[in-house]
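Morning, everyone. I will go through one structure today, beginning with the place where two chains meet and then turning to one of them alone.

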Amino acid sequence: MVWEIAEGVQKAFQLIVSGDFAVIDATFRSLYISGTATLLAVSWSIPLGILIGSGNFRGKHLVKGFFNAMLGIPTVGLGLILYLFLSRAGPLGIFHLLYTPTAIILGQAILITPIAVTFTANAVESVEPEIKDLAKTLGASETEARLAVLREALPSTFLAVIASFNRAIAELGVAFMLGGSIPGLTRVLTTSIALETTRGNFEFGIALTMILLAIVFSLSFLVNLLKRK
Amino acid sequence: MNLLTLHNIEKRYGNKLALCNVNLEVKRGEILAVVGPNGAGKTTLLKIMALIEASSRGEMYYGDIKISKDKIEEFRRKFTMVFQKSVFFNTSVYENIAYGLKMRKLPKNEIKQRVQEALQLVKLEGYAKRQARKLSGGEQQRVSLARALALETELLLLDEPTANLDPKTVSIIEEAIADVNRRMKTTIVIATHNMFQAQNMTHRTALILNGKIVEIGKTKEIFTSSTRLQSFASLENVFSGNAEPRPDGTTIIDIGEGIKIQAAINTCGKVSVFVMPEDIILSKRPLISSARNVLKGTIIEISDFGSIVRLRVGVNGLSFVVQITKRSFLEMRLNLGSKVFLTFKASSVRLV
């Protein structure tokens with residue numbers, strides 16, 4: 001077994017270094033799909049997070065609790081629900097989105113929304129309340145003072161974006177259920193790893209896993225570096 | 001000529017009355033001290049004067065002009081406030097000081113020059129590139145002051161600018177304050193419970209107790225003639241809070257910062273109380289005794305008076321002055337930062 005793994009790692013390196021088409025193809029598709037999903041999710045999650053974090057409305061705890069609970073939603077479960085919506089007989093069937101990259105993008109965007117919202121809300125909440133008074137007494141208008149608070153929350157909000165992207169690129173359930181892992185169309189890193197491993201192509205799976213880990217680790221490393229600054 | 005006039009100012013938080021019918025005139029070019037115990041309403045008063053908090057009732061005038069709600073942002077730029085607890089944007093010292101100047105749309109080279117001048121005033125030349133939040137407490141307070149001075153506002157409001165600071169930092173801050181008042185004719189209001197500071201730095205003094213200005217006048221006169229100020233000035237450990245009577249005849253007083261003390265007085269409502277430094281027993285472990293009040297704190301200041309030692313002990317956000325003998329001090333191996341317990345009887349808590 002150890003021998004098989006060692007051999008797999010060696011072949012995996014060859015696949016990466018030689019620029020194997022299937023490996024490169026799945027990698028770039030993963031980056032494209034999860035990147036787009038993150039941008040999409042961020043476009044609504046950050047404003048929503050700011051609203052929840054800075055607002056003081058009735059039911060705030062309920063809303064926060066909802067997003068908190070959604071953090072741990074099983075990807076396969078969400079994939080199944082969205083599958084039923086997007087399948088031909090489903091309410092959104094007329095758009096023919098099932099088994100397209102767009103379907104995965106939408107699915108992942110929904111999946112990571114709770115992370116982005118929760119992290120952003122926490123970032124805004126953790127800014128000292130005195131910052132607003134400070135900005136005002138230094139001459140800021142009400143709007144400028146609010147902006148000052150948001151700027152203080154920016155580094156942590158950036159964390160939210162990275163964490164969301166990492167969850168999107170590393171998930172399997174949504175990509176599998178909505179994309180179907182069609183080569184050259186919807187096959188991404190995680191679905192290829194699962195598929196190739198069941199077929200016995202360990203070296204291929206290992207190569208993709210190494211790439212996936214490299215992406216996730218280097219982003220986490222970058223975040224840690226920024227945090228310390 | 002008055003720079004700022006407060007007319008019947010009242011401030012409520014829920015149903016708690018923080019300020020009650022405050023009438024106050026701040027004269028152009030003066031240094032006015034606002035003295036009073038913790039929780040008397042000094043900070044609230046300053047925040048209202050700085051126009052960062054709205055009063056619940058009453059009016060304010062800039063000269064003869066009434067400060068109306070729609071003009072607040074315009075008037076706010078004529079004043080600035082330095083908070084007791086330093087607050088910083090998470091960036092460099094330079095950017096912190098430059099913020100207010102940028103809000104005023106000053107040209108870049110003037111901003112640069114003013115930041116440098118302000119840093120010189122507080123003796124922190126060369127600190128511009130440092131991260132503000134990583135400075136020591138004393139340095140932070142000096143940067144806070146520099147940030148306010150750079151704006152060259154007509155009125156400077158300082159909330160306990162030298163509380164809990166070392167003597168060197170205190171003298172730098174006091175010098176800078178006196179300097180801008182002399183050179184720039186900046187009007188200054190200082191909230192303080194440091195009587196020495198009030199007596200030596202200011203032209204006029206207002207005494208505030210339980211949200212009311214009970215006395216105001218020339219500092220020299222008020223310090224020699226006011227019995228209330230004298231009695232307050234000679235007292236340590238003065239706290240204000242809401243008293244709630246208990247069925248057993250004692251009273252629980254909430255003095256803020258989550259601290260409740262029990263007093264053998266039968267009273268209710270807002271009260272000011274004090275505990276004599278020599279009535280407090282200091283120990284390293286909690287004592288089992290008949291005394292009703294036990295608080296846990298940290299030593300934040302030590303002053304040596306020969307055979308006795310006075311310690312300032314921080315308990316949450318408040319501080320208590322405790323007096324012990326030099327011998328106990330040495331035997332207990334106390335130091336700055338030592339964790340200690342303060343114990344005092346309910347009957348040691350007296351009304352001001």
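**The A–B interface**

Chain A and chain B bury about 1,800 Å² between them, 52% of it from carbon and sulfur atoms; buried area here is the accessible area, with a 1.4 Å probe, that two parts lose on being put together, summed over both. On the chain A side, Leu134(A), Thr137(A) and Leu138(A) lose the most area to chain B, together 35% of what that side buries.

Before I go on, the ground rules. This is a predicted model, where local features need pLDDT of at least 70 and side-chain atom pairs count only at pLDDT 80 or more, while totals for chains, interfaces and linings use all residues. Residues are numbered from 1 along each chain as its sequence is written, chains are lettered from A and ligands numbered from 1 in the order in which they are written, and side-chain values use heavy atoms, with hydrogens and water left out.

Back to the interface. Chain A brings 18 residues to the contact and chain B brings 25, where contact means heavy atoms within 4.5 Å.

How many salt bridges are there between chain A and chain B? The count is 5, taking a salt bridge as a side-chain nitrogen of Lys or Arg within 4 Å of a carboxyl oxygen of Asp or Glu. Over all chains, the structure holds 30.

Glu128(A) is worth a look. Its side chain meets that of Lys85(B) in a salt bridge at 3.5 Å, N to O. Glu128(A) sits in the loop between α5 and α6 of chain A, and Lys85(B) in the loop between β6 (79-82) and α3 (93-103) of chain B, so the pair joins two chains. Helices (H or I, at least four residues) and strands (E, at least two) are DSSP runs, numbered from the N terminus. Glu128(A) also forms a salt bridge with Arg133(B), at 3.8 Å, N to O.

In chain A, the elements giving two or more residues to the side that touches chain B are α6 (130-137) and α7 (142-170). Of these, α6(A) gives the most, with 7 residues.

**Chain A by itself**

Chain A has 10 helices and 0 strands. Its C-alpha trace spans about 65 × 45 × 25 Å along the principal axes.

One helix pair to finish. Helix α2 (residues 21-54) and helix α5 (residues 101-125) of chain A pack at an angle of about 35°, with their axes 6 Å apart; axes are lines fitted to C-alpha atoms over the stretch in contact, and angles run from 0 to 180 degrees between N-to-C directions.
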